[in-house]
Amino acid sequence: MKFYQKNFCRLCKSRKIECQLSLTPTPPADSYVKKNDLNKTQDLIPLNLYLCNDCGHTQLSHVIDAEEVYLNYIYETESTLGLGSHFQNCAHDIVQSFKPQKGGLVVDIGSNDGILLSFFKDLGMNTLGVDPMPGIAEKANKRGIETIPDFFNSDIAYKIVKDYETPAIISCNNLVADTDELDSFIDNIKIMMDHDTLFFFETFYFYLQVKNNVWDFTYHEHYSYFTVKPLKAYFKKLGLEIIDVKPNETKGGSMRMALQLVGGKRKISSNVQDFIDKEEAEGFQTPKIFKTYSKKISKGKNEYSKLINNIKREGKKIIGYGASATSTTLIYHYDMGNHLDYLVDDFEAKQNLFSPGKGLPVYPPNKIYEDHPDYIVLLAWRYYKKILDKHQDFIKNGGKFIIPLPNLKIVDYIE
Ligand SMILES: [Zn+2]
């Protein structure tokens, strides 16, 4: 596994970055392997959050060779993740708030199966997707969303302007935090922009992640843990201005940020400064916030360990539900490898694989009813309601769910 450590801030390039929070090192979080690959060692990579003392940006400094890992990922389409209504609202809100020219071009970078673009299309916009994931562009093309099956770069940006037109809207969701070389990415976006173009992206909002205690979203794929203040300075340097920030609860706490070229035609919303004020008041660009965050994480870990030790003493059988990237962070940091017998997951592509590093087998959820474990640790705790609804029989038969986050609890009744 190729990885290296970056010794400067991803945003302002300052070398004054300092480790503020260490989670337990893990292999790449989504590297679930086939049986034949079980004997190959998976390197453990440090999982440390660094704070830049100059601009206040929070980030991981260890970088994994992207092409090596991510092209082999098993992808889930945005449509199957149940994000349909979220993207529908997003398209409506953008069109209503920013009033792009009707029939203008919307370009979505990392467009997945074209779900967001399909809603813009319904609103009378023209659409074009860009996504390199093998097979996904075909899927999008089939649903009528033209998609370029390639990595977004300057060639693609020039090609879009030349062969299509200057986009009215450019979007990229859940990509900016995962981009190591952010400068060149933003430069390439700018190639496609004029003073009317609206650029927006959705990303994790570190402010909400800390508030909601969703630290399991920390894994190597996510390099940046954004707050508004450092981003404002960063974009300004690149000739862009933030005109709007809108938080939402997707993926444990996200925000949608809208930008234009400096001096563009749209007004800057007062909520940009409001969020910066809130962040500053709570010390989000200082070591203070990490002290609180670390304490919260350690407390949760201690409570969990105590609970598991008691259960183990009774000789009970424990398994895990959910085989995603966040599961890997949780399994390693809470040291679950030695008490979970196996994992189950609803997603077919994950079944019959083995978890990163620990090699826990992944089965379909019906295994629960053959094997009758006493406890299920709900690693996919974000889907709490959905999973509990589906497995009421497990509870009726005396089984118990352990919900590890955001606050530890045992559920042994049907809500
Ligand atoms: Zn910085």
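Reader: Which strands make up the open sheet of seven, and in what order do they come?

Author: Strands of a sheet pair through backbone hydrogen bonds, either parallel or antiparallel. Here the open sheet has the order β8-β7-β6-β9-β10-β13-β12, with mixed pairing. Strands are DSSP runs of E with at least two residues, helices are runs of H or I with at least four, and both are numbered from the N terminus. Two strands pair if DSSP finds at least two bridges between them.

One caution: this is a predicted model, where local features need pLDDT of at least 70 and side-chain atom pairs count only at pLDDT 80 or more, while totals for chains, interfaces and linings use all residues. Residues are numbered from 1 along each chain as its sequence is written.

Reader: How many bridges join β6 to β7?

Author: Five, between β6 (residues 105-109) and β7 (residues 126-130), and the two strands run parallel.

Reader: Now helices. How do I read the packing of two of them?

Author: Two packed helices are described by the angle between their axes and the distance between the axes. Axes are lines fitted to C-alpha atoms, for helices over the stretch in contact, and angles run from 0 to 180 degrees between N-to-C directions. Take α2 (residues 84-98) and α3 (residues 115-122): their axes come within 9 Å and cross at roughly 45°. α2 and α3 are therefore oblique to each other (under 35 degrees is roughly parallel, over 145 roughly antiparallel, 65 to 115 roughly perpendicular, the rest oblique).

Reader: Which residues of α2 and α3 make the contact?

Author: Gly 84, Phe 87, Gln 88, Cys 90 and Ala 91 of α2, with Ile 115, Leu 116, Phe 119 and Phe 120 of α3. Contact means that C-beta atoms, placed from the backbone, lie within 7 Å. By class, seven of these residues are nonpolar, two polar and none charged (Ala, Val, Leu, Ile, Met, Phe, Trp, Tyr, Cys and Pro are nonpolar, Asp, Glu, Lys and Arg charged, the others, Gly among them, polar).

Reader: And at what angle do α8 and α9 pack?

Author: About 130° for α8 (residues 228-237) and α9 (residues 271-281), with the axes 8 Å apart. That makes α8 oblique to α9. Their contact has four nonpolar, no polar and four charged residues.

Conventions:
Contact = placed C-beta atoms within 7 Å.
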